[in-house]
Amino acid sequence: MLPTLLSASLIAHNNCSLESSANTTPPLICIDPGHPSEVNSGKAIKNGTTEVHIDWVVGVKLRSLLVNRGFEVVMTKPREDHLVRNADRALIANKAGAALFVRLHCDAGRSRGFAVYYPDRQGTKGGVTGPSLEVRKQSKRAAESIGAAMSKHLGGALIDGGVRGDSKTLIGSRQGVLTGSIFSKVPVVTVEMVVLTNKTEAEFIKLEAGQWQMARALAEGVAAFVCLNPR
Ligand SMILES: [Zn+2]
């Protein structure tokens, strides 16, 4: 079931901030710091850090920024080292009735910069096929909002890899889309924040300042999506 969202009267269109009201529930965002999962611990050391650590510290910063903006936030895990299966990550977002399910990852390999992924078709995993057409449409809008905010706020520091379909990922090429997307009943985006095997990008995201810059870009993109796409 998709969550109900803000009425137009609650939206300050000038800056897309949220105003609290006794009669309404603020929109809820589910933040999913990637790893450890059943397929990857995220603990391989790359340029002096690990993906599981970066995903977690940016996720915690994003949580604080979203709470300050008036959102409710649910995290998919209580601490950095907590293992959650990929399908279960989506089930947490579904159960919370999230307005958006934001999955944080870092890429590896020869590519550069950040990229935002959304389910561009259905996939099948463990006998489950998904996500629905409505979730795919909303996810694309969310990815575009977040991609635009990242481009604006990170463009000077990182290369803009743009918005891409899950089908372009290795997992997506095998099973249609990412596992977390298949099981998601709410809009879902997967952000590859940096390429951690790239020394320059690792140095950027290892710094507190870089982590905050990333979190601010993500928060702005999340807010833009939620405010501009009330259902
Ligand atoms: Zn990852």
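At what angle do helix H3 (residues 133-154) and helix H7 (residues 208-228) pack? In this predicted model, local features need pLDDT of at least 70 and side-chain atom pairs count only at pLDDT 80 or more, while totals for chains, interfaces and linings use all residues. Residues are numbered from 1 along each chain as its sequence is written, and side-chain values use heavy atoms, with hydrogens and water left out.

The angle between H3 and H7 is about 140°, and their axes lie 8 Å apart. Axes here are lines fitted to C-alpha atoms, for helices over the stretch in contact, with angles running from 0 to 180 degrees between N-to-C directions. H3 is therefore oblique to H7, a label left for angles that are not under 35 degrees (roughly parallel), over 145 (roughly antiparallel) or 65 to 115 (roughly perpendicular). Residues in contact (heavy atoms within 4.5 Å) include Ala-142 and Ile-146 of H3 and Ala-217 and Phe-225 of H7.

H7 also packs with helix H6 (residues 199-206), at an angle of about 85° and with axes 4 Å apart, so H6 is roughly perpendicular to H7. Phe-204, Ile-205 and Lys-206 form the H6 side of this contact.

Turning to the metal, the zinc ion is coordinated at 2.0 to 2.7 Å by His-35 (NE2), Glu-51 (OE), Glu-51 (OE) and His-105 (ND1). Donors are N, O and S atoms within 2.8 Å of the metal (3.2 Å for Na, K and Ca); water is not among the atoms, so sites may look incomplete. The donor residues follow the spacing H-x15-E-x53-H. Both Glu-51 and His-105 are buried, meaning under 20% relative accessible area with a 1.4 Å probe and protein chains only.

Terms used
Buried < 20%, exposed > 50% of the residue type's maximum accessible area, 1.4 Å probe, protein only. Helix = DSSP H or I, 4+ residues; strand = E, 2+ residues; numbered from the N terminus.
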